[in-house]
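Please open the structure in your viewer and keep the sequence beside it.

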Amino acid sequence: ASTPRRTVAAHSDDTIPIQTQTVPPPRRKSVATEMPRWEIGYPLIVAAVHFLIVQITATLASLFGTSNSPSPPYGVVPPLPSGIWEHIVDPMRLWDGLWYRLIAVEGYPEQHVWNDAFWPTFPMSMRGLSRVTGLQQDVSGYLIANVCFFIAMVLLYQLVRVDFDMPIARRTLWALALFPTSLFFTAIYTESMFLMLSVAAILCARIRKWWLAGLLGLLAALT
């Protein structure tokens, strides 16, 4: 006699075990990990590449391009000192940069209500540096913006390395430096100062320096 065959219906409750693979968590370090050793060389190189790309492009556009319309708040843009500053700073100070120049010069007078749209940390820094060094407000703002960006890159590199490894930190810097709108970090805008202060605040909070994190956050909010 033949052995009877066992048949399984399509709706059988029999289950087939599924093999699963454990996915490792992101390469994040412990909260208790000490602050990594500071490194400034690599972030400064990335910041320098960003600066050269933006500045060379802007200077060439200023030298050989044609301005389409006057930049507010001035009908005629105030002149810069002749020489190297004219070709470096002039293309980086238009639009909001000239508003910050106006605030650095005259503050927040009642007759110019439009000035109130711009927060004071950056233009007051321009005023302070201008008075100390004798440089024109536009030049002071240009120097402040670019120094802040270089510092911000060092801080950001350190912040990412607190939690992740070096390749991730390096990719973070390049992503920020080469993003199309990153040109505003070199212009006389508040973006570079805000980036520096906000990253510094987060870094201080990450290492539990709460009072310093709060102070830097306050300054960032006023930027």
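Which residues of H3 are buried? They are Gly 97, Leu 98, Trp 99, Tyr 100, Arg 101, Leu 102, Ile 103 and Ala 104; buried means under 20% relative accessible area, exposed over 50%, and partly exposed in between (1.4 Å probe, protein chains only). The model is a predicted one, in which local features need pLDDT of at least 70 and side-chain atom pairs count only at pLDDT 80 or more, while totals for chains, interfaces and linings use all residues. Residues are numbered from 1 along each chain as its sequence is written, and side-chain values use heavy atoms, with hydrogens and water left out.

**The whole chain**

Display the chain as a cartoon. Its secondary structure comes to eight helices and zero strands; these are DSSP runs numbered from the N terminus, with helices being H or I of at least four residues and strands E of at least two. Of the 223 residues in the chain, 38% are buried. Among contacts (heavy atoms within 4.5 Å) with a separation of 6 or more, 67% are between residues 24 or more positions apart.

**Helix H3**

Select residues 96-106. Eight of the 11 residues of this helix, H3, are buried, so it is largely enclosed by the rest of the structure. Gly 107 follows H3 and has a positive phi, near 80°.

**The nonpolar core**

Next, select Phe 122, Met 126, Met 153 and Leu 195. Within the largest nonpolar core, which has 51 residues, these four touch the most other members. Such a core is a set of buried Ala, Val, Leu, Ile, Met, Phe, Trp, Tyr and Cys residues joined through side-chain atoms within 4.5 Å. The elements giving two or more residues to this core are H1 (41-64), H3, H4, H5, H6 (166-178), H7 (191-206) and H8 (210-221). H5 gives the most, with 14 residues. Centre the view on Leu 195: leaving aside neighbours within four places in sequence, Leu 195 is in contact with Phe 149, Ala 152, Leu 176 and Phe 185.

**Salt bridges**

The structure holds six salt bridges, each being a side-chain nitrogen of Lys or Arg within 4 Å of a carboxyl oxygen of Asp or Glu. Select Glu 39 and Arg 161, whose side chains form one of them, at 3.6 Å from N to O. This pair links distant parts of the chain, since Glu 39 lies in the segment before H1 and Arg 161 in helix H5, 122 residues apart. Both Glu 39 and Arg 161 are buried.

Then select Asp 90, Arg 93, Arg 101 and Asp 138, which a network of salt bridges links. Arg 93 meets Asp 90 at 3.1 Å, N to O, and the closest N and O atoms of Asp 138 and Arg 93 are 2.9 Å apart. Asp 138 belongs to helix H5 and Arg 93 to the loop between H2 (84-89) and H3, 45 residues apart. Is Asp 90 buried or partly exposed? Asp 90 counts as partly exposed, at 24% relative accessibility, whereas Arg 93 is buried, with a relative accessible area of 2%.

**A loop residue**

Finally, select Phe 184, in the loop between H6 and H7. Phe 184 counts as partly exposed, at 30% relative accessibility. Apart from neighbours within four places in sequence, Phe 184 is in contact with Tyr 189 and Glu 191.
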